[in-house]
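Here are my notes on the model you sent over, as numbered points. Keep the structure open beside them while you read.

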Amino acid sequence: MSESNRLSVFKTYKLYVGGKFPRSESGRVYEVQDHKDKWLANAPLSSRKDARDAVVAARKAFGGWSGTTAYLRGQILYRVAEMMEGRKGQFVREVAAAEGLSKSKAADVVEAAVDRWVWYAGWTDKVSQVVGGANPVAGPYFNLSTPEPTGVVAVLAPQDSSLLGLVSVLAPVIATGNTAVVVASEKAPLPALSLAEVLATSDVPGGVVNILSGRTAEIATPLAAHQDVNAVDLTGAGPELARDLEIAAADNLKRVLRPQAVDGAADWTADPGTGRLTAFLETKTVWHPTGSLGASGSAY
C-alpha cells in the first residue's frame, strides 16, 4: 500500500487505575478538542464508580509505597523522568495541541516537566531532615518529630497547564509516600493519559497513581466525600466547585489544599519550593527517656 493511501492509526486513550488501563465503567467517552476546537481524540468519561475503584486501588497500594525507603522512591521518580525524556516528541505534540503553543514552546514545557520530576526525586530522602528533627524539652527525654505521609490524596490537576502543572501537583504527593487519585484537566486530558503509560513502565507500583479523565465536578464530588480519601488538592477546581468540595471534605476532616493561583493563573515555571512536599505530610512525635526510670526500667 502506498504511503498516500495509508490510514492513520488513532490512539485509544484509557483510564489508569490500579496499574491497569480500563475503559470507563460506564462505557462513555467525550470529545477532546485542541485550542482551535478541532477534534483530537475521544477520552474516557469517568463515572463515580471509576472514582471509587481508583480510591480502592490507591488505598491498597498505600502500605507498600509508604513503606518503601525514601531513596527507592527517589530512584523511581527519576526513572519516570527518564521515560518522559524518551517520549518527548509525543508529549510535545500533545501539549502544543492542548495549549496552543508552538512546538518550540511546547518542548520547553515538556523539558520543564521532566526537570520537575528530577527535582522532586532529589527531595525524597531530604525532606525529613527539613521538617523533622529533635525538639528541646525540659526533662530527661528525647523528643523526636518525623514526617509521615497522609494517605490517599485526591488531586485535581490544573485546567490551564496540561502537563507541567499536572506534574507539579502530582510528583510531590507521591514523592513523600502518599498515593494519588488524579482528575486530569477536563479540557486537555491527553497529556495526563499519556503520562499514565510512562508511569506504568517506570517501576511505579500499580495503584500508587490512578488517573481519571472526564467532567471535573462529576469525578471530584464523590472523591471529596469519600471516607477513605485523606486529603484533597483543589488546584484544578474553580471557586464555586472548590467551596462545595471543601464542605464535602469536612465530613471526615480531610486535609484540603486550596487553589494557589493568583488571578486564576499559576506560574508553573517558578521554583516549586517545598510547600507541596509538606502539604500532605503528618508529623509523628516520639518521646523516649534518657535517664533511669526506676527498677523496672520501663518506658512510657
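1. Tyr 71 sits in helix 2 (residues 70-86); helices here are DSSP runs of H or I with at least four residues, strands are runs of E with at least two, and both are numbered from the N terminus. Tyr 71 is exposed, at 54% relative accessible area. For the cut-offs, exposed is over 50%, buried is under 20% and partly exposed is in between, with a 1.4 Å probe and protein chains only. From the C-alpha of Tyr 71 to that of Ser 185 is 31 Å, and the two residues are 114 apart along the chain.

2. A word on what you're looking at: this is a predicted model, where local features need pLDDT of at least 70 and side-chain atom pairs count only at pLDDT 80 or more, while totals for chains, interfaces and linings use all residues. Residues are numbered from 1 along each chain as its sequence is written, and side-chain values use heavy atoms, leaving out hydrogens and water.

3. How many salt bridges does the structure hold? There are 13, where a salt bridge is a side-chain nitrogen of Lys or Arg within 4 Å of a carboxyl oxygen of Asp or Glu. One of them joins Glu 218 to Arg 28, at 2.9 Å from N to O. Glu 218 belongs to helix 8 (residues 216-225) and Arg 28 to the segment before strand 1 (29-33), so this pair ties together parts 190 residues apart in sequence. Both ends are partly exposed: Glu 218 has a relative accessible area of 27%, and Arg 28 is at 32%.

4. Lys 88 and Glu 111 make another salt bridge, with their closest N and O atoms 2.4 Å apart. Lys 88 is partly exposed at 24%, and Glu 111 is partly exposed at 33%.

5. Glu 246 and Arg 258 also meet in a salt bridge, 2.8 Å from N to O. Glu 246 is in helix 9 (residues 239-249) and Arg 258 in the loop between strand 9 (255-257) and helix 10 (275-279), so the pair ties together parts 12 residues apart in sequence. Glu 246 is partly exposed at 26%, as is Arg 258 at 47%.

6. Now have a look at Glu 94, in helix 3 (residues 88-99). Glu 94 is buried but has no salt bridge; Lys 11, the nearest side chain of opposite charge, is 5.8 Å away. (Lys and Arg count as positive, Asp and Glu as negative, and His and the chain ends are not counted.) Lys 11 is itself in a salt-bridge network with Arg 87 and Glu 197. Beyond neighbours within four places in sequence, Glu 94 contacts Tyr 13, Leu 190, Pro 191 and Ser 194, contact meaning heavy atoms within 4.5 Å.

7. Why call helix 7 (residues 190-200) largely enclosed by the rest of the structure? Because 10 of its 11 residues are buried. Among them are Leu 190, Pro 191, Ser 194 and Glu 197.

8. Last, the hairpin. Strand 1 and strand 2 (residues 39-44) pair in the antiparallel sense over five bridges; pairing requires that DSSP finds at least two bridges between the strands. Val 32 stands opposite Ala 41 in strand 2. The hairpin has five residues between its strands, and Asp 37 there takes a positive phi near 65°.
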